[in-house]
Amino acid sequence: MNVNQSAPPLPPFGQSQPVYPGYHQSSYGGQPGSTAPPTPYGAYNGPVPGYQQTPPQGVSRAPPSSEAPPASTAQASCGQAVYGQFGQGDVQNGPSSTVQMQRFPGSQPFGSVPLAPVVSQPTVLQPYGPPPTSAQVTAQLAGMQISGAVAPALPPLGLGYGPPTSLASASGSFPNSGLYGSYPQGQAPPLSQAQGHLGAQPPQRSAPPQASSFTSPASGGPRMPSMTGPLLSGQGFGGPSLSQPNHVSSPPPQALPPGTQMTGPPGPPPPMHSSQQPGYQLQQNGSFGPARGPQPNYGSPYPGAPTFGSQPGPPQPLPPKRLDPDAIPSPQLNELPPQQKTRHRIDPDAIPSPIQVIEDDRNNRGSEPFVTGVRGQVPPLVTTNFLVKDQGNASPRYIRCTSYNIPCTSDMAKQAQVPLAAVIKPLARLPPEEASPYVVDHGESGPLRCNRCKAYMCPFMQFVEGGRRFQCCFCSCINDVPPQYFQHLDHTGKRVDAYDRPELSLGSYEFLATVDYCKNNKFPSPPAFIFMIDVSYNAIRSGLVRLLCEELKSLIDFLPREGGAEESAIRVGFVTYNKVLHFYNVKSSLAQPQMMVVSDVADMFVPLLDGFLVNVSESRAVITSLLDQIPEMFADTRETETVFAPVIQAGMEALKAAECAGKLFLFHTSLPIAEAPGKLKNRDDRKLINTDKEKTLFQPQTGAYQTLAKECVAQGCCVDLFLFPNQYVDVATLSVVPQLTGGSVYKYTCFQVENDQERFLSDLRRDVQKVVGFDAVMRVRTSTGIRAVDFFGAFYMSNTTDVELAGLDGDKTVTVEFKHDDRLNEESGALLQCALLYTSCAGQRRLRIHNLALNCCTQLADLYRNCETDTLINYMAKFAYRGVLNSPVKTVRDTLITQCAQILACYRKNCASPSSAGQLILPECMKLLPVYLNCVLKSDVLQPGAEVTTDDRAYVRQLVTSMDVAETNVFFYPRLLPLTKSPIESATEPPAVRASEERLSNGDIYLLENGLNLFLWVGASVQQGVVQSLFSVSSFSQITSGLSVLPVLENPLSKKVRGLIDSLRAQRSRYMKLIVVKQEDKLEMLFKHFLVEDKSLSGGASYVDFLCHMHKEIRQLLS
Ligand SMILES: [Zn+2]
């Protein structure tokens, strides 16, 4: 019997995975274009914006070096780089070290590096051979050198590096008013500093390391993080908060008609990433000037991906990165050229650069599709544009792991301390070039599963006994194959129909669920959306209510809909509230909407059933009339108090009465102080910061919201919250329900229509239109030996295995941590199967299955060679951000530092070749772990500046919880793009530079984005022509600081910059409002907060300092 009974005949499932038109899933992937609305929404209906620019390019891009690069040499250069010597005492400013010293057991079972070359992947050995060969020396040069004593002596050069005090020398000419009081003075203009550095260090890198001693770069391809994530909204630096930076006087959004402006994903943005090729290499790292040394070596060091996974890599270990802090008279010195010995500063160009790693990965892995047929392959970085071909494992768009090769035993795992985790985005949107998962319909019998562990049929199941039975790949149970599913096996033991069936040949697919998978054994009704609008004084006065009502009139035409459907099946309802609730009957038969007021908020009920939830097209006239009237009805309100919990309660009750799942869109302005359940008081207290009670700032002030959330989850009621606070609203408490129901929180501090409507409307449109799975349950099954033990994200769990999500959209991830419960086997590897049961937006019950096979290893080197730092950081950030709920922030930070040191020390001890203790050796795949971890440590949640509010911290904490790997990557390490360095004609995104003030040239303009914030920084010496072209004013001094919209000018530069801004916005899930910052203007402090390689005002260490600190920690562990 054929698998797809009710579905149209499947085209043969060829290996090559043709696209099966018949199956394509409507709901994911863009909606049909025919319905594309006029301008404002057009972009949303199309293919997911975020991906627009990416995909195809990967393929066509000219691979700079797609063929396996000359492995040996390349790797040698980066692998072996020695990062200078640090003076003993120079761990400056690093975070205080409370790290406990931990000794590794003398006998490392896995350790003994020098001894046994692993057969299949001989990496363990010393590829690094006897230390100093000439090649090595060069490599070492590339490293940073520092020697304690002298730092202070090098004045101009050392900005920020060198002695701790260096930062203080930062910008002196700031008008520095009281606002940013602590800002250091006296800094030389960035440019000169940069030059200083360069001058000092030119030689390095120029000599391409001849890697003679290291041969293969096998695995360690660099994989880096990238930039893509959301941001914080409101950091305020005392002055203008980010969310309302405009108070500086930004002109209203010009040229953009209210409804239209920047709706989101601006048309097809120019290909962003794919283009960097030309010229890029030279520019590497964004350093200025030629001094940058021969990057070329860098570029190819990582031989594409070839070596991952089970493929036997070339026999050599990865060249580690070394940093030699130690000091002065370390044996190392002998290996250094004289010149180096005298250096006393760490050259920032010599420490691992995120920009370089990202660039290398794009060059090496962006040109070919990532084919998922091989177990344990490490995918390209999230910053690389690439296409995925599903050949049996889930795409990295759905699942990314901290390591694709996991230790066979828990002892090994404990020794390495590398968290084993997967970041899963079950409903991830795909680029248009990639097919959505096929839907398989097994009819009444439903999906085939293992009788014992209930795992779903997947490509890893083994058919035996001529095809009459199958052995479960997760629990080994032998199951009978139902007669209707029987098929013969070929001579290899594979079913002859394997390629005709998605569930036997693909990593991801869907099953239509039977009624057994439905609540109360009843197929679900289509979901409903309820819009619940605060109409208290603040909401009216800011113009929010009028703006929102106007927008909703058209937005309701673009509710998510199933593939080919003419219109959305989703019904809508409307509620307004302040201290009481107003329900509206918008039944199509009415001439005018009717209002029903419920003032008994203590015992919420829904006063009407019929006419509350309606079909948009049937009730359009009544709805329009209602939306016209709401702003008028409350125009003169004086009511300032609001309720909150009763509003959610009402929405949930309405869904319950309608027997459907759905989503509540709440638009709320203030702390709910009106007498009602869930009433809150202002408990903000900054004095708690850095005390043991700081955690209470992140905890909800009442348990009422958890209880309410639990009820919502049971009903499949997801809550999205749009906040418009003018002051503290207790985000930590208000976000509990959205958080536990899989919803989203948006915050627009001090919302004003003229300044913020663009951002709000863009977010709203996207939020309302995005595809959502309702009433969902996710379960992650694993093969014997490991199991899922911990979960992070926006969801609710009532037991230890099932992740319950009232709603789950394509932006949300769930991070799952695994632990061993038995020994794993190298041969069989480890398997994960994520099954998500959900109701589609048309009310269809489905199961989405993602499978992923990982390798298992008995050598630690294999673990380190197959790690993904970006994913590790995603996990570590979520772990830390949850930790602040229960532990002092300092404890959380120290825990992260300790763990990181243990990870790196274990590598050093067990996988790296013997070398001076003074050298810092980092695994190739983790060479960015220190820089990224430092960004997490100094983030607003873990180390807030004086101007970061309690609400901002709670907000960010909550946002990060659901971020995917790309989002955390750019969120913690923002992308900084110089705008005038590359030719205007170039259609591609300019190469990024490192996030440090030192990289800024005062003659240039830069865009900085972190997924939530977007700045345009203008150097004080930028050419007048550039100023004219972009701002239409004649001089730098006439540029309006804080501007949020660039004038629309018809010249190439203006078009290019505006186009770039649009394309950056299109890549992110939330709208990033632009803030123009002038060099040395007071707003610049805001901007500098995001230059994460520098020391931060709140005390966060600079990258260099942190690296020194990490090195010290590692040495303590090793000694
Ligand atoms: Zn089983």
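Axes are lines fitted to C-alpha atoms, for helices over the stretch in contact, and angles run from 0 to 180 degrees between N-to-C directions. Helices (H or I, at least four residues) and strands (E, at least two) are DSSP runs, numbered from the N terminus. The model is predicted, so local features need pLDDT of at least 70 and side-chain atom pairs count only at pLDDT 80 or more, while totals for chains, interfaces and linings use all residues. Residues are numbered from 1 along each chain as its sequence is written, and side-chain values use heavy atoms, with hydrogens and water left out.

The protein has 31 helices and 30 strands. Of its 1119 residues, 67% are buried, where buried means under 20% relative accessible area, exposed over 50%, and partly exposed in between (1.4 Å probe, protein chains only). Contact means heavy atoms within 4.5 Å. Among contacts between residues at least 6 apart in sequence, 79% join residues at least 24 apart.

Helix α24 (residues 889–910) and helix α25 (residues 929–937) have axes that come within 10 Å and cross at roughly 175 degrees. α24 is therefore roughly antiparallel to α25; angles under 35 degrees count as roughly parallel, over 145 as roughly antiparallel, 65 to 115 as roughly perpendicular and the rest as oblique. On the α24 side, R893, L896, I897, C900, I903 and L904 meet L929, P930, L933, V936 and L937 of α25.

For helix α23 (residues 869–883) and helix α26 (residues 950–961), the axes come within 9 Å and cross at roughly 140 degrees. This angle makes α23 oblique to α26. The crossing of α23 past α26 is left-handed, a term that applies if the near helix is turned anticlockwise from the far one by less than a right angle, with right-handed used if clockwise. Residues A877, K878, Y881 and R882 of α23 meet V956, R957, V960 and T961 of α26.

A zinc ion has C450 (SG), C453 (SG), C472 (SG) and C475 (SG) as its protein donors, at 2.2 to 2.3 Å. Donors are N, O and S atoms within 2.8 Å of the metal (3.2 Å for Na, K and Ca); water is not among the atoms, so sites may look incomplete. The angles among the four donor atoms are 102 to 115 degrees, and the site is tetrahedral. Four donors count as tetrahedral if all angles lie between 85 and 135 degrees. Along the chain, the donors follow the spacing C-x2-C-x18-C-x2-C. C450 lies in the loop between β8 (439–440) and β9 (462–464), and C475 in the loop between β10 (469–471) and β11 (478–480), so the pair ties together parts that are 25 residues apart in sequence. C450 is buried at 1% relative accessibility, and C475 is buried at 14%.

S476 is also placed in the loop between β10 and β11. Its phi is near 75 degrees, a positive value in a residue other than glycine. S476 is partly exposed, with a relative accessible area of 41%. E659, in the loop between α17 (645–657) and β17 (662–668), has a positive phi near 55 degrees. E659 is exposed at 53% relative accessibility.

R683 is found in the loop between β17 and α18 (704–715) and is buried, with a relative accessible area of 17%. R683 and V729 are 46 residues apart in sequence, and their C-alpha atoms are 9.6 Å apart. Leaving aside neighbours within four places in sequence, R683 is in contact with residues including T696, L697, Y728 and D730.

Definitions and conventions. Tetrahedral: all angles 85-135°; square planar, octahedral: opposite > 155°, others 65-115°.
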